[in-house]
Structures are given as C-alpha cells and as structure tokens.
Amino acid sequence: SDSNDVVPSVDAASVSGSMTSTAATRGNSFLKDGSNSATLRAARLRRFENDASSGTNETTKLSTKQKEVIEIDLEDDSEPLNNLESDRALAERLQQEEMNAHRSMAENVSQVDYSSVRPGVFETLRDKRAYMQCGNDTTKLSASQNGAFAVHVRGGIFMDTHPQAWSSGGWVWVNNPQYVKNPKARVDKNDNVAKMSTEWNHLVASNVKITHRHLIDLATKHHVLHGKWLLYVRAEDIKTDWQKIRNAVIEGKLGSTAKISDAPDDHGSHVVCIYCPNSLDKDELLRVRRSISNNVGMYKTSVLRYKLDAFTYLNVYAKNQWDLRTCSYKCGGKKDEECSTLISSWEVCTCTTSDCCKRCYKSKDDSDIKDVYPITGLKYAEATAVQGEKVTLMREPENKYDSNAVKVVNVPGKLVGHIAKDKAAILSSKLKEMQEDLKPQNLELIVEGTIFSVSDGYRQSVKVEFRESSSDENKDTKEVEVIVLE
C-alpha cells in the first residue's frame, strides 16, 4: 500500500560523489531541529571538498577517514551555528540546481505526445468531470430518497441503482450535481495531462534522480490538480458504508465526485476515492477529511492518506522503481481526531524552529470541526472576545432578521456576535429540541462556549459544550450569570 512507501530524501552519495556505506545507511535520519541529515551531510562534504581544493583547478576528494570525522562532527550538538547555516544554504543551492536543470530540460519539450498518456486515463478524466455537465434543472434528491436505491453484489461485482451513480472501467461512480455551482469547481483537462505525461517521460529518460517534489512541480505546472482521499471498505460492509458515502456526495457534504471499485482487492477490501478538484486548496482537503468523519461517520480515529491524481496518470504506484511515497498528505488518527492538520509526506517538519511549518498545515477553516461554530457580525458587537474566553450561546427567536438566530454573549452579558446563519439554522433547531426534552425533568439546557480562534475583525469561532442544570439551582440568579459558570 501507499502507506508502506519510503519517504524520499536527498542521497548524500549521489551529490558528493563518494560516500561510505555507513553514511548511506543513516541517510534518512533527521537532526534535532527537523533537518534532513542526508541533505546536510551532502552539503558538509561538498563544502569541505571545496575548502580542501582552494587555489586548485580540481576538487580534492576527501579520504574515508576525513569523511568519518565529518560524519561524527555532523551529529555533534556543539557544531557552531554559522557552519550549520552555511551547510543548509549549500544544500538548498544544490537541490535548487537540480530542479533548475530539470526545468531547463522541460523547456525543450515542445512536442506534446498524446500517446504518452497511458490507456484509461482519458476515460477516467471524463467520469471525474461528469458533474460539470449537470444542468440547473437537475433534481436534488433528499437523504430519504437516496437511501431507497439499492446497492447489491451480483456475480461478485458491486452495483448501485441510484440515478446519480454509474459503472465505468471497473468502478462505481457518483457525483454531486450541484457542485458545478461551487466556486471551487474545476476539471483536469486532457491536453494538460498529455503535456505532463510528455514532460514526465523526458524527465525519466534523462536519468535525473526522481523525487516526490518533481511530480508535485509537474502537476502544479500543468494544472493537473485533482486528487483523492483513499478509503478501504471491507466487502461485508460495502452496502452500508458505500450508501453513506454516496448520499454524502449527492447532498454536497463531500467533494464533487467519488468512486468505489466494483470488485474487492487481494485483501478483500473495496477501494474508495473521494475526490477534491484542487489539491493546492489545503483548506478544502481538510474540510472533506473532516466531513468523512463528522458527516459520513466513518474513519474517525483513522489516519487517511491523500494522493494526487498525477501519480495515477503517470503510473506511479507503491513499490515503484524510485522508492517514492505515492501519497502526498495524511490527516486524522487518534492524535488528531478533529482533523485540523494536513501533514505533508514530502516536506521536512520545522515545527521546532518555526511557527509556520510547511509540513504541518493547520486549517484556516475550523467550522467543520465537531461542535465548533463560526461567529459573524463582529463589527456590530458590543464587546470583543479573545481566544480561550468563556461565552454563552442563546437562541434568539425574536430576532427580526432571522428567527433561527443564536447569539453569543460574554460573561457580563455583552453581545459578541451571532452564529453564522447557515450553522445557526441547524444549531437553533438542536437547542430547541434538547430544551423541550429536558422540560418534563424540570431541567434547563446550559450552552457554554470557549472562543476557539483569534478574531480577524469579521469572523471567529467558538467551541460549544452542552450541560444540564436544575431550575432550583438558577431561581435567584440572572440567566447569563448562571449559564456561564466555570
């Protein structure tokens, strides 16, 4: 599987020209600050070789003993900072030179070879952009209607009779007919995929050391940006689990399209791909991942992996000849059940040295995290709230603009803002139902919140908690003061 692939790293031996077997064995390790030691080792050797050859026309190769000294020195915490900085600068320059050589070669690829696109790719592109052909008169089916259509296995082949589902190329597909109206809607074009495939073939033929970054750059350059979250459904669960996924796609809770293999793999599981049209939109990738947990109700504590379609188009799968990890991102698991961080598999973590880590992308849109709601109308508020501050949420049915309004107030009772209208409609109904259930028990619903994000002047979010309180406990206390007990 993709999860067993090896993360690519710069091979010190290929850069420096000659490396001991011991150094090569340790080439994938990382230093305490998160830096790739193989990259720094390559730069260290290059720098020492250049120093040794100063004043000559040839680079002097270091002896094995000298390299062993450098190996030890590299892992010594007492290494002066300026030396490490110069090593990193040199390592980055060496990597940049390699990428520039690749780009220079790519500029010479002028003839697009459509035969370079492997069979089945154009058919897959057609199925993925089917939602773009949906007209405005397409009927939007309700959840109850969705559940009425059968999914079954006949002759070992999985089938779905829903009108939005169809079978093609060994897959059962479903799309969201309303997604065409989404400003994020886009498609990968045949011409762009052909250009990318042509350049890829030239790159492979050039004997350049292929890295994950090469494929990312190729996909970005040619706007081949589709990708998918990969799920695996056991054959015995296929009828119930696929129905959940299919309905969530049609209702607009996931992305534009999804598909499931119509036959199980060697491990007895069906592969599910939930597509995102733009892999550069990391917030959308995280939104879809959260929706898989929160709206579909699946894989809440599992790490899911995201794969760019460019890898599939170029026939780069697990156990490939370059030892590349084929999934570019992962998210979820017991350590991140709210799916707030998208972790790159091809960039170095710098969390220990920088607040802005390229590898660990933090979501900018937290409205899909469980029990976290966006607050709007901040410019009309009576007070501002800081991150971590305790607040209270209350229904406001008398609001002349929205009978489903839910207001947010601070401890003194000053208005902080209102829950965003689309979320308020759901939350208000939930609060009303919960309150009615508690009345016969002489209990009141207490809705407390903690400001979850920093305000940008227009919007911030609140994490909501619900608890019960007896009427006797509150009879001599003002409503707001009692609701916001700490």
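Helices (H or I, at least four residues) and strands (E, at least two) are DSSP runs, numbered from the N terminus. By that count the protein has 15 helices and 17 strands. This is a predicted model, in which local features need pLDDT of at least 70 and side-chain atom pairs count only at pLDDT 80 or more, while totals for chains, interfaces and linings use all residues. Residues are numbered from 1 along each chain as its sequence is written, and side-chain values use heavy atoms, with hydrogens and water left out.

**Whole protein**
- Of the 486 residues, 46% are buried (under 20% relative accessible area, 1.4 Å probe, protein chains only).
- Among contacts (heavy atoms within 4.5 Å) with a separation of 6 or more, 67% link residues 24 or more positions apart.

**Open sheet**
- Nine antiparallel strands form an open sheet in the order β3-β4-β6-β7-β5-β8-β9-β10-β11; two strands pair if DSSP finds at least two bridges between them.
- β3 (165–168) and β11 (360–362) are the edges, each with a single partner strand, so one side of each has no neighbour in the sheet.
- β5 (residues 227–234) and β8 (residues 303–308) pair in the antiparallel sense over four bridges, with Gly 227 opposite Leu 308 in β8.

**Closed barrel**
- Six strands form a closed barrel, β12-β15-β14-β13-β16-β17, with antiparallel pairing.
- Nine bridges join β16 (residues 443–451) to β17 (residues 460–470), and Leu 443 stands opposite Ser 470 in β17.
- Helix α13 (residues 421–438) packs on this sheet, and its direction makes about 150 degrees with that of β16 (axes are lines fitted to C-alpha atoms, for helices over the stretch in contact; angles run from 0 to 180 degrees between N-to-C directions).

Terms used
Buried means under 20% relative accessible area, exposed over 50%, partly exposed in between (1.4 Å probe, protein chains only).
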